[in-house]
Amino acid sequence: MEESDQHSGLEMTPQQMRELASKATDILVERICALGSAKAWDGEFREILAREFDGPPPESGRVAEEVLEQVARDVLPYGAQLDHPRFFGFIPSSPTWPGILADFLASGYNINTCSWLVSSGTSHLELVVLDWFRNWIGYPETAGGLMTSGGSAASVEAIVAARDSAGFPQQPVVYMSDQSHSALIRAASIAGVRREHIRIVRSDGEFRIDMNALRQLVSEDRAKGLQPLAICATAGTTSTGSVDPLEEMADYCEEEGIWLHIDSAYGGFALLTEDGKKELNGINRADSIGVDAHKWFFQPYEAGALIVKDGSKLENAFSIRHDALQDTIWGANHPNFSDRGLQLSRSPRALKIWMSVQIFGLARFREAIQRGLDLANRAASYIETQPVLELITPVSLGIVCFRVNLGGQDEQSLEELNRKVLAHVFWDELTFISSTNLKGKFSLRMCILNHTTTWDDVQRTLDLVVRIGSTTEDR
Ligand SMILES: *Cc1c(COP(=O)(O)O)cnc(C)c1O
């Protein structure tokens, strides 16, 4: 690039900008359109990547197109293709094109949704989107929240709000089931709860928190002079999709004056369907709820949200006066989102949600979520027709836990067999499933929520498991 007196050397001409962006667009459109016939996973060893990439940064720039091509060829493909129609591992994510473009626009406008003064437009859209979420949950108008990087940040902010609301107890204790996400343990320890005061409560046969065990732990802790701060429920556990007994937990938290946080990072958007609404009944009784739009609401990473039933509790915990920001107080009803959480500089995460819903309409989102629920149910029925497969838990919120079971084997050999099956499926690369541990039982696991997944994708995957399971040696 040429340098001149007017330009710093870090600018591009309008033509260069257009050409480069158009090339990036071509790369993306090609990738997305070919996903179904590509590998569901690819990876590369560090030493191979190091050979190409290690070393000091170049002093002079390179041809921009070449850099773009290199990244598209040698960097970005190496990973899980989380939006692949046959990626069923962990929690998949399948963003839509308007959401992707919204992130691009947000970077191009360089928006910082920290305060109303700095970003009125996107601050307002954040309020709009949070109000949609509030309605879907069934929270009152006093609720308030913010968009976060994801469920992890939402959990931290929830527990910090709970701690503030409880008046900073000296010996706080946080409770969650053995099926909870590790993000909650991390959140509690970030919020200052000692590790030995994070109680992992056993779950029952349906992977829901055991209320008797919870009650007993809380009363033991009170007797010891500790202060129960928050109980974390999960509405959609990552292993099985199970939902804790929300109503019962809410009753108990009310009686005991303990904050109820519901981690619904992955399952929350099932609220948009009739079936999901039933499964998540009682969710609106929580003090705070975390949801992740980059999971079941088809957005690019990062698109989490925290909603607190009494929004003022969030601001009380996070709002701190800062002299250098004294000009940014617009006034009542013009919130500064940086007063609600841990980030000051924040990307406008609500923009992608707002734009994609405007462009497709909510009905299509609802149908896409229902489609995932239906495919998971159909997968379960199919598994039950296969003599070599065993459904381990009832399907819940799009998660199917199953294994190859040829009969007459003990748990140990079943685990060995299924580990082998998993490895074979993995190296096959055309589909990706993962596994989990269900109270000692090794289980294969599929999470079906990609809006581009068809029954054929699900069936091919199950058929592959059947084929590998029936032919794997050491039976
Ligand atoms: C994904 C997930 C999290 C963590 O959320 P991030 O967006 O990855 O930070 C927490 N809890 C549950 C139930 C999840 O599914």
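What is the order of the 7 strands in the open sheet? The order is S1-S7-S6-S5-S4-S2-S3, and the pairing is mixed. Strands here are DSSP runs of E with at least two residues, helices are runs of H or I with at least four, and both are numbered from the N terminus. Two strands count as paired if DSSP finds at least two bridges between them.

The model is predicted, so local features need pLDDT of at least 70 and side-chain atom pairs count only at pLDDT 80 or more, while totals for chains, interfaces and linings use all residues. Residues are numbered from 1 along each chain as its sequence is written, and side-chain values use heavy atoms, with hydrogens and water left out.

The sheet has strand S1 (144-148) and strand S3 (198-201) as its edge strands, each pairing on one side only. On average, neighbouring strands of this sheet are turned by 20° against each other, direction ignored. Axes are lines fitted to C-alpha atoms, for helices over the stretch in contact, and angles run from 0 to 180 degrees between N-to-C directions. Strands of a sheet pair through backbone hydrogen bonds, either parallel or antiparallel.

Both senses can be followed here. Strand S6 (residues 288-292) and strand S7 (residues 304-308) run antiparallel and are joined by 5 bridges; Ile289 has Ile307 in S7 as its bridge partner. Helix H5 (residues 120-137) lies across S1, S6 and S7 and runs at about 115° to S1. Strand S2, in contrast, pairs in the parallel sense with strand S4 (residues 227-234) over 4 bridges, with Pro172 opposite Gln227 in S4. S2 also pairs with S3 in the parallel sense, again over 4 bridges, and Met176 stands opposite Ile200 in S3.

Strand S2 (residues 172-177) is largely enclosed by the rest of the structure, because 6 of its 6 residues are buried. Buried means under 20% relative accessible area, exposed means over 50%, and partly exposed lies in between, with a 1.4 Å probe and protein chains only. Pro172, Val174 and Met176 point one way from S2, and Val173, Tyr175 and Ser177 point the other way; all are buried.

Next comes the ligand. Some polar contacts (N or O atom pairs within 3.5 Å) can be located individually. A backbone N or O atom of Gly151 lies 2.9 Å from an oxygen atom of the ligand. A polar side-chain atom of Asp263 is 2.6 Å from a ligand nitrogen atom, and one of His294 is 3.0 Å from a ligand oxygen atom.

The whole structure contains 0 disulfides, with a disulfide defined as a pair of cysteine sulfur atoms within 2.5 Å. For Cys232, the nearest cysteine sulfur is that of Cys253, 9.3 Å away. For Cys401, the nearest is that of Cys447, 9.7 Å away. Cys232 is buried, with a relative accessible area of 0%, and Cys401 is buried with a value of 0%.

Finally, Asp339 is found in the loop between helix H12 (311-318) and helix H13 (350-360). Asp339 counts as buried, at 19% relative accessibility. Apart from neighbours within four places in sequence, Asp339 is in contact with Leu314, Glu315, Phe318, Ser319 and Ile320, where contact means heavy atoms within 4.5 Å.

How values were computed. Polar contact = N/O pair within 3.5 Å; in protein donor to acceptor, adjacent residues only side chain to side chain.
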